[in-house]
Amino acid sequence: MRPLEYVTPHSLAEALERLAGSDPSETVVWGGGTALGPLLRRGLVRPRVLLGLERVAGLQDLSLAEDGLRVGALVRLADLSRSPVVRGSLPLLAEAAGRVGNVRVRNAATLGGHLAHADPAQDLPPVLLALDAQVRLESVRGTRTLPLERFLVGPLQTARADDELLTEVWVPAAAFGRRTAYVRFTPRSSQDYPTVGVAASLRVDADGVCREARVAVGGAAPTALRVPAAEAALVGGRLTRERCRDAAAQVESAVDPWDDTRGSARYKRAMARVWTERVLEDLASEA
Ligand SMILES: Cc1cc2nc3c(=O)[nH]c(=O)nc-3n(C[C@H](O)[C@H](O)[C@H](O)COP(=O)(O)OP(=O)(O)OC[C@H]3O[C@@H](n4cnc5c(N)ncnc54)[C@H](O)[C@@H]3O)c2cc1C
(Lines give C-alpha, C1' and ligand atoms only; values in the text may rest on other atoms or scores of the structure.)
Protein backbone atom coordinates (compact mmCIF):
# COMPACT_ATOMS: atom_id res chain seq x y z
CA MET A 1 0.00 0.00 0.00
CA ARG A 2 1.26 3.49 -0.87
CA PRO A 3 2.07 5.59 2.25
CA LEU A 4 -0.12 8.66 2.59
CA GLU A 5 1.10 11.79 4.35
CA TYR A 6 -1.32 14.36 5.81
CA VAL A 7 0.22 17.83 5.99
CA THR A 8 -1.40 20.84 7.64
CA PRO A 9 0.29 24.13 6.73
CA HIS A 10 -0.13 26.98 9.23
CA SER A 11 -0.44 29.78 6.71
CA LEU A 12 -1.84 30.39 3.27
CA ALA A 13 1.66 31.20 1.96
CA GLU A 14 2.91 27.82 3.19
CA ALA A 15 -0.06 26.00 1.64
CA LEU A 16 0.42 27.75 -1.71
CA GLU A 17 4.18 27.02 -1.69
CA ARG A 18 3.42 23.40 -1.06
CA LEU A 19 0.96 23.26 -3.98
CA ALA A 20 3.28 25.16 -6.32
CA GLY A 21 6.04 22.65 -6.02
CA SER A 22 3.87 19.54 -6.30
CA ASP A 23 2.75 17.10 -8.92
CA PRO A 24 -1.08 17.41 -8.92
CA SER A 25 -1.56 13.64 -8.90
CA GLU A 26 0.68 13.39 -5.82
CA THR A 27 -0.66 16.25 -3.67
CA VAL A 28 -4.38 16.75 -3.23
CA VAL A 29 -6.19 19.44 -1.25
CA TRP A 30 -8.40 18.17 1.58
CA GLY A 31 -11.32 20.37 2.68
CA GLY A 32 -13.81 18.29 4.65
CA GLY A 33 -12.99 15.07 2.79
CA THR A 34 -16.63 14.10 2.20
CA ALA A 35 -16.12 13.86 -1.56
CA LEU A 36 -12.43 12.98 -1.52
CA GLY A 37 -12.66 10.32 1.22
CA PRO A 38 -14.86 7.93 -0.81
CA LEU A 39 -12.65 8.44 -3.90
CA LEU A 40 -9.56 7.58 -1.86
CA ARG A 41 -11.17 4.52 -0.32
CA ARG A 42 -12.08 3.20 -3.77
CA GLY A 43 -8.59 3.90 -5.10
CA LEU A 44 -9.93 6.33 -7.70
CA VAL A 45 -7.41 8.93 -6.58
CA ARG A 46 -4.03 7.82 -5.26
CA PRO A 47 -2.11 10.79 -3.92
CA ARG A 48 0.96 10.66 -1.71
CA VAL A 49 0.11 13.83 0.18
CA LEU A 50 -3.15 15.26 1.46
CA LEU A 51 -2.96 19.00 2.03
CA GLY A 52 -5.28 19.71 4.97
CA LEU A 53 -6.36 23.34 5.24
CA GLU A 54 -7.79 23.41 8.75
CA ARG A 55 -4.86 25.31 10.32
CA VAL A 56 -4.66 28.01 7.64
CA ALA A 57 -5.73 31.24 9.29
CA GLY A 58 -8.48 33.21 7.57
CA LEU A 59 -10.06 30.43 5.56
CA GLN A 60 -12.76 29.93 8.19
CA ASP A 61 -13.80 33.59 8.31
CA LEU A 62 -17.21 34.83 7.39
CA SER A 63 -17.78 38.58 7.14
CA LEU A 64 -20.47 40.98 6.07
CA ALA A 65 -19.36 44.33 4.65
CA GLU A 66 -20.94 47.08 2.59
CA ASP A 67 -19.97 45.39 -0.65
CA GLY A 68 -21.31 41.96 0.23
CA LEU A 69 -20.79 38.71 2.11
CA ARG A 70 -17.43 36.96 2.16
CA VAL A 71 -17.24 33.30 3.10
CA GLY A 72 -13.87 31.62 3.61
CA ALA A 73 -13.37 28.40 1.71
CA LEU A 74 -13.12 26.36 4.89
CA VAL A 75 -16.47 27.43 6.36
CA ARG A 76 -18.46 24.25 6.93
CA LEU A 77 -21.91 23.92 5.38
CA ALA A 78 -23.41 23.39 8.87
CA ASP A 79 -21.91 26.70 10.05
CA LEU A 80 -23.13 28.43 6.90
CA SER A 81 -26.65 27.21 7.57
CA ARG A 82 -26.62 28.32 11.22
CA SER A 83 -24.77 31.63 10.90
CA PRO A 84 -26.94 34.61 11.96
CA VAL A 85 -24.92 36.75 9.52
CA VAL A 86 -25.79 34.51 6.57
CA ARG A 87 -29.37 33.99 7.69
CA GLY A 88 -29.80 37.75 7.93
CA SER A 89 -28.19 38.75 4.65
CA LEU A 90 -28.74 35.75 2.37
CA PRO A 91 -31.38 33.48 3.90
CA LEU A 92 -31.52 31.41 0.71
CA LEU A 93 -27.87 30.40 1.08
CA ALA A 94 -28.31 29.43 4.74
CA GLU A 95 -31.43 27.45 3.98
CA ALA A 96 -29.91 25.60 1.00
CA ALA A 97 -26.69 24.80 2.92
CA GLY A 98 -28.86 23.29 5.66
CA ARG A 99 -30.41 20.88 3.19
CA VAL A 100 -27.27 19.35 1.68
CA GLY A 101 -27.01 15.59 2.34
CA ASN A 102 -27.25 14.90 6.06
CA VAL A 103 -25.91 16.40 9.27
CA ARG A 104 -22.69 14.36 9.18
CA VAL A 105 -21.92 15.58 5.68
CA ARG A 106 -22.76 19.21 6.55
CA ASN A 107 -20.61 19.12 9.69
CA ALA A 108 -17.55 18.17 7.63
CA ALA A 109 -18.09 19.57 4.13
CA THR A 110 -16.60 22.98 3.38
CA LEU A 111 -17.92 25.55 0.95
CA GLY A 112 -14.61 25.55 -0.94
CA GLY A 113 -14.61 21.77 -1.26
CA HIS A 114 -18.24 21.80 -2.32
CA LEU A 115 -17.58 24.16 -5.22
CA ALA A 116 -14.20 22.69 -6.17
CA HIS A 117 -15.75 19.22 -6.37
CA ALA A 118 -18.10 20.53 -9.10
CA ASP A 119 -20.58 17.69 -9.19
CA PRO A 120 -23.32 19.04 -11.50
CA ALA A 121 -26.07 17.79 -9.16
CA GLN A 122 -24.84 19.64 -6.06
CA ASP A 123 -27.18 22.03 -4.28
CA LEU A 124 -25.16 25.18 -3.74
CA PRO A 125 -23.89 25.95 -7.26
CA PRO A 126 -27.33 26.93 -8.64
CA VAL A 127 -28.08 28.88 -5.46
CA LEU A 128 -24.80 30.79 -5.66
CA LEU A 129 -25.24 31.38 -9.40
CA ALA A 130 -28.62 32.97 -8.65
CA LEU A 131 -26.84 35.20 -6.13
CA ASP A 132 -24.08 36.34 -8.56
CA ALA A 133 -21.33 34.73 -6.49
CA GLN A 134 -17.66 34.99 -7.36
CA VAL A 135 -14.79 32.80 -6.21
CA ARG A 136 -11.28 33.86 -5.28
CA LEU A 137 -8.41 31.66 -6.41
CA GLU A 138 -4.92 32.12 -5.01
CA SER A 139 -1.54 30.72 -5.94
CA VAL A 140 2.09 31.79 -5.57
CA ARG A 141 1.58 33.49 -8.95
CA GLY A 142 -1.13 35.79 -7.62
CA THR A 143 -4.86 36.12 -6.98
CA ARG A 144 -7.76 36.11 -9.38
CA THR A 145 -11.50 36.38 -8.99
CA LEU A 146 -13.92 34.55 -11.24
CA PRO A 147 -17.69 34.62 -11.50
CA LEU A 148 -18.90 31.19 -10.38
CA GLU A 149 -20.28 30.46 -13.84
CA ARG A 150 -16.77 30.72 -15.29
CA PHE A 151 -15.31 28.61 -12.50
CA LEU A 152 -17.61 25.65 -13.21
CA VAL A 153 -16.53 24.22 -16.54
CA GLY A 154 -17.81 20.61 -16.63
CA PRO A 155 -18.67 17.55 -14.55
CA LEU A 156 -16.07 17.48 -11.74
CA GLN A 157 -14.10 20.11 -13.67
CA THR A 158 -13.35 23.69 -12.73
CA ALA A 159 -11.20 26.54 -14.01
CA ARG A 160 -8.89 26.12 -11.01
CA ALA A 161 -5.25 25.62 -12.00
CA ASP A 162 -3.35 22.83 -10.25
CA ASP A 163 -1.40 25.27 -8.09
CA GLU A 164 -4.45 27.32 -7.04
CA LEU A 165 -6.52 27.15 -3.89
CA LEU A 166 -10.08 28.34 -3.77
CA THR A 167 -9.86 30.68 -0.77
CA GLU A 168 -13.11 32.65 -0.65
CA VAL A 169 -16.60 32.99 -2.04
CA TRP A 170 -18.03 36.50 -2.35
CA VAL A 171 -21.68 37.38 -2.85
CA PRO A 172 -22.15 41.04 -3.81
CA ALA A 173 -24.52 43.21 -1.77
CA ALA A 174 -26.56 43.71 -4.95
CA ALA A 175 -27.96 40.23 -4.31
CA PHE A 176 -29.27 41.15 -0.84
CA GLY A 177 -32.98 41.83 -0.44
CA ARG A 178 -34.11 40.06 -3.59
CA ARG A 179 -37.00 37.62 -3.55
CA THR A 180 -35.27 34.25 -3.55
CA ALA A 181 -36.16 30.58 -3.62
CA TYR A 182 -34.55 27.21 -4.18
CA VAL A 183 -36.27 23.91 -4.69
CA ARG A 184 -34.44 20.57 -4.72
CA PHE A 185 -36.50 17.81 -6.29
CA THR A 186 -35.51 14.46 -4.78
CA PRO A 187 -37.96 11.66 -5.57
CA ARG A 188 -35.79 9.00 -3.87
CA SER A 189 -34.71 10.39 -0.49
CA SER A 190 -34.45 13.87 0.99
CA GLN A 191 -30.78 13.10 1.77
CA ASP A 192 -29.96 12.33 -1.85
CA TYR A 193 -28.48 14.79 -4.30
CA PRO A 194 -31.33 16.50 -6.10
CA THR A 195 -32.52 15.08 -9.41
CA VAL A 196 -33.00 18.70 -10.39
CA GLY A 197 -32.49 21.88 -8.35
CA VAL A 198 -33.86 25.27 -9.35
CA ALA A 199 -32.82 28.57 -7.77
CA ALA A 200 -34.17 32.01 -8.57
CA SER A 201 -33.62 35.50 -7.29
CA LEU A 202 -35.75 38.42 -8.43
CA ARG A 203 -35.89 42.12 -7.72
CA VAL A 204 -39.43 43.38 -8.02
CA ASP A 205 -40.33 47.06 -7.72
CA ALA A 206 -43.25 48.61 -5.82
CA ASP A 207 -45.47 48.33 -8.91
CA GLY A 208 -44.83 44.60 -9.15
CA VAL A 209 -42.53 44.93 -12.17
CA CYS A 210 -39.59 42.53 -12.24
CA ARG A 211 -36.41 44.62 -12.56
CA GLU A 212 -33.76 41.93 -12.17
CA ALA A 213 -33.89 38.15 -12.48
CA ARG A 214 -31.55 35.24 -12.03
CA VAL A 215 -32.63 31.71 -12.79
CA ALA A 216 -30.20 28.82 -12.30
CA VAL A 217 -30.57 25.06 -12.54
CA GLY A 218 -28.55 22.17 -11.15
CA GLY A 219 -28.53 18.48 -12.08
CA ALA A 220 -29.70 19.01 -15.62
CA ALA A 221 -26.52 19.90 -17.56
CA PRO A 222 -22.76 19.23 -17.30
CA THR A 223 -22.54 22.13 -14.82
CA ALA A 224 -25.09 24.09 -12.85
CA LEU A 225 -26.14 26.83 -15.23
CA ARG A 226 -27.82 30.19 -15.36
CA VAL A 227 -30.47 30.58 -18.03
CA PRO A 228 -30.31 34.14 -19.43
CA ALA A 229 -33.25 33.54 -21.79
CA ALA A 230 -35.46 32.68 -18.82
CA GLU A 231 -34.26 35.77 -16.99
CA ALA A 232 -35.03 37.93 -20.03
CA ALA A 233 -38.55 36.49 -20.15
CA LEU A 234 -39.16 37.83 -16.63
CA VAL A 235 -37.55 41.26 -16.65
CA GLY A 236 -39.54 44.35 -17.58
CA GLY A 237 -43.03 43.21 -16.72
CA ARG A 238 -45.24 41.93 -13.95
CA LEU A 239 -44.71 38.33 -12.88
CA THR A 240 -47.79 36.91 -14.54
CA ARG A 241 -48.39 33.19 -14.89
CA GLU A 242 -47.67 33.50 -18.56
CA ARG A 243 -44.26 35.09 -18.00
CA CYS A 244 -43.38 32.41 -15.44
CA ARG A 245 -44.45 29.75 -17.92
CA ASP A 246 -42.38 31.34 -20.71
CA ALA A 247 -39.33 31.48 -18.47
CA ALA A 248 -39.79 27.82 -17.50
CA ALA A 249 -40.04 26.88 -21.19
CA GLN A 250 -36.71 28.63 -21.75
CA VAL A 251 -35.18 26.53 -18.99
CA GLU A 252 -36.51 23.36 -20.58
CA SER A 253 -34.80 24.34 -23.86
CA ALA A 254 -31.51 25.32 -22.21
CA VAL A 255 -30.83 22.26 -20.07
CA ASP A 256 -28.85 19.29 -21.35
CA PRO A 257 -29.38 16.41 -18.92
CA TRP A 258 -28.39 12.75 -19.19
CA ASP A 259 -29.91 9.46 -18.05
CA ASP A 260 -28.78 8.19 -14.65
CA THR A 261 -30.15 6.57 -11.50
CA ARG A 262 -31.93 9.81 -10.55
CA GLY A 263 -33.99 9.89 -13.73
CA SER A 264 -33.93 9.85 -17.51
CA ALA A 265 -32.79 12.88 -19.46
CA ARG A 266 -36.37 13.38 -20.65
CA TYR A 267 -37.73 13.31 -17.12
CA LYS A 268 -35.10 15.72 -15.80
CA ARG A 269 -35.78 18.14 -18.66
CA ALA A 270 -39.49 18.08 -17.84
CA MET A 271 -38.81 18.45 -14.10
CA ALA A 272 -36.55 21.43 -14.76
CA ARG A 273 -39.49 23.15 -16.46
CA VAL A 274 -42.07 22.13 -13.86
CA TRP A 275 -39.99 23.22 -10.85
CA THR A 276 -38.89 26.46 -12.46
CA GLU A 277 -42.50 27.38 -13.08
CA ARG A 278 -43.45 26.56 -9.48
CA VAL A 279 -40.50 28.47 -7.99
CA LEU A 280 -41.29 31.53 -10.09
CA GLU A 281 -45.00 31.42 -9.33
CA ASP A 282 -44.23 31.21 -5.61
CA LEU A 283 -41.93 34.22 -5.88
CA ALA A 284 -44.54 36.08 -7.93
CA SER A 285 -47.11 35.64 -5.20
CA GLU A 286 -44.80 36.94 -2.43
CA ALA A 287 -45.94 40.23 -0.97
C1 LIG B 1 -23.46 10.79 1.96
C2 LIG B 1 -23.31 12.06 1.14
C3 LIG B 1 -24.45 12.73 0.75
C4 LIG B 1 -24.33 13.91 -0.01
N5 LIG B 1 -25.45 14.55 -0.38
C6 LIG B 1 -25.36 15.73 -1.04
C7 LIG B 1 -26.50 16.49 -1.37
O8 LIG B 1 -27.63 16.14 -1.06
N9 LIG B 1 -26.33 17.66 -2.03
C10 LIG B 1 -25.08 18.12 -2.38
O11 LIG B 1 -24.98 19.19 -2.94
N12 LIG B 1 -23.98 17.41 -2.08
C13 LIG B 1 -24.09 16.24 -1.41
N14 LIG B 1 -22.96 15.55 -1.09
C15 LIG B 1 -21.67 16.05 -1.57
C16 LIG B 1 -21.06 17.03 -0.61
O17 LIG B 1 -21.74 18.26 -0.73
C18 LIG B 1 -19.61 17.21 -1.02
O19 LIG B 1 -18.97 15.97 -0.78
C20 LIG B 1 -18.94 18.28 -0.19
O21 LIG B 1 -19.57 19.51 -0.30
C22 LIG B 1 -17.48 18.43 -0.58
O23 LIG B 1 -16.89 19.31 0.33
P24 LIG B 1 -15.59 18.85 1.15
O25 LIG B 1 -15.11 20.04 1.90
O26 LIG B 1 -15.84 17.64 1.94
O27 LIG B 1 -14.63 18.56 -0.07
P28 LIG B 1 -13.42 17.54 -0.17
O29 LIG B 1 -13.92 16.14 -0.23
O30 LIG B 1 -12.38 17.84 0.87
O31 LIG B 1 -12.82 17.98 -1.59
C32 LIG B 1 -13.57 17.89 -2.77
C33 LIG B 1 -12.68 18.33 -3.94
O34 LIG B 1 -12.35 19.70 -3.83
C35 LIG B 1 -10.94 19.91 -3.70
N36 LIG B 1 -10.81 20.99 -2.71
C37 LIG B 1 -11.29 21.01 -1.45
N38 LIG B 1 -11.11 22.22 -0.90
C39 LIG B 1 -10.49 22.98 -1.85
C40 LIG B 1 -10.04 24.35 -1.88
N41 LIG B 1 -10.22 25.19 -0.85
N42 LIG B 1 -9.44 24.79 -2.99
C43 LIG B 1 -9.28 23.97 -4.08
N44 LIG B 1 -9.68 22.68 -4.11
C45 LIG B 1 -10.29 22.20 -2.99
C46 LIG B 1 -10.38 18.57 -3.25
O47 LIG B 1 -9.04 18.38 -3.63
C48 LIG B 1 -11.33 17.60 -3.98
O49 LIG B 1 -10.93 17.50 -5.33
C50 LIG B 1 -23.04 14.39 -0.36
C51 LIG B 1 -21.89 13.70 0.05
C52 LIG B 1 -22.01 12.54 0.79
C53 LIG B 1 -20.75 11.82 1.23
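Tutor: Two strands pair if DSSP finds at least two bridges between them. Strands (E, at least two residues) and helices (H or I, at least four) are DSSP runs, numbered from the N terminus. This is a predicted model, in which local features need pLDDT of at least 70, side-chain atom pairs count only at pLDDT 80 or more, and totals for chains, interfaces and linings use all residues. Residues are numbered from 1 along each chain as its sequence is written.

Student: Over how many bridges do β12 and β13 pair?

Tutor: Strand β12 covers residues 196-204, and β13 covers residues 210-218. The two form a hairpin with 5 residues between them, and Gly208 in the turn has a positive phi of about 85 degrees. Ala200 stands opposite Val215 in β13. The pairing of β12 with β13 is antiparallel, and its extent is 8 bridges.

Student: Which residue of β14 is the bridge partner of Ala216?

Tutor: Strand β14 (residues 225-226) pairs with β13 in the antiparallel sense over 2 bridges. These strands form a hairpin with 6 residues between them, where Gly219 in the turn has a positive phi of about 80 degrees. The partner of Ala216 in β14 is Arg226.

Student: How many of the 9 residues of β13 are buried?

Tutor: A residue is buried if 20 or more other C-beta atoms lie within 10 Å of its own, exposed if 12 or fewer, and partly exposed in between, with C-beta atoms placed from the backbone. Strand β13 is largely enclosed by the rest of the structure, because its buried residues number 7 of the 9.

Student: Which element gives the largest share of the shell around the ligand?

Tutor: Of the 29 residues around the ligand, Gly31, Gly32, Gly101, Gly112 and Gly113 come nearest. The elements giving two or more residues to this shell are β2 (27-30), α6 (103-108), α7 (111-117) and β10 (165-172). The largest share, 5 residues, comes from α7.

Notes. Near = placed C-beta within 6 Å.
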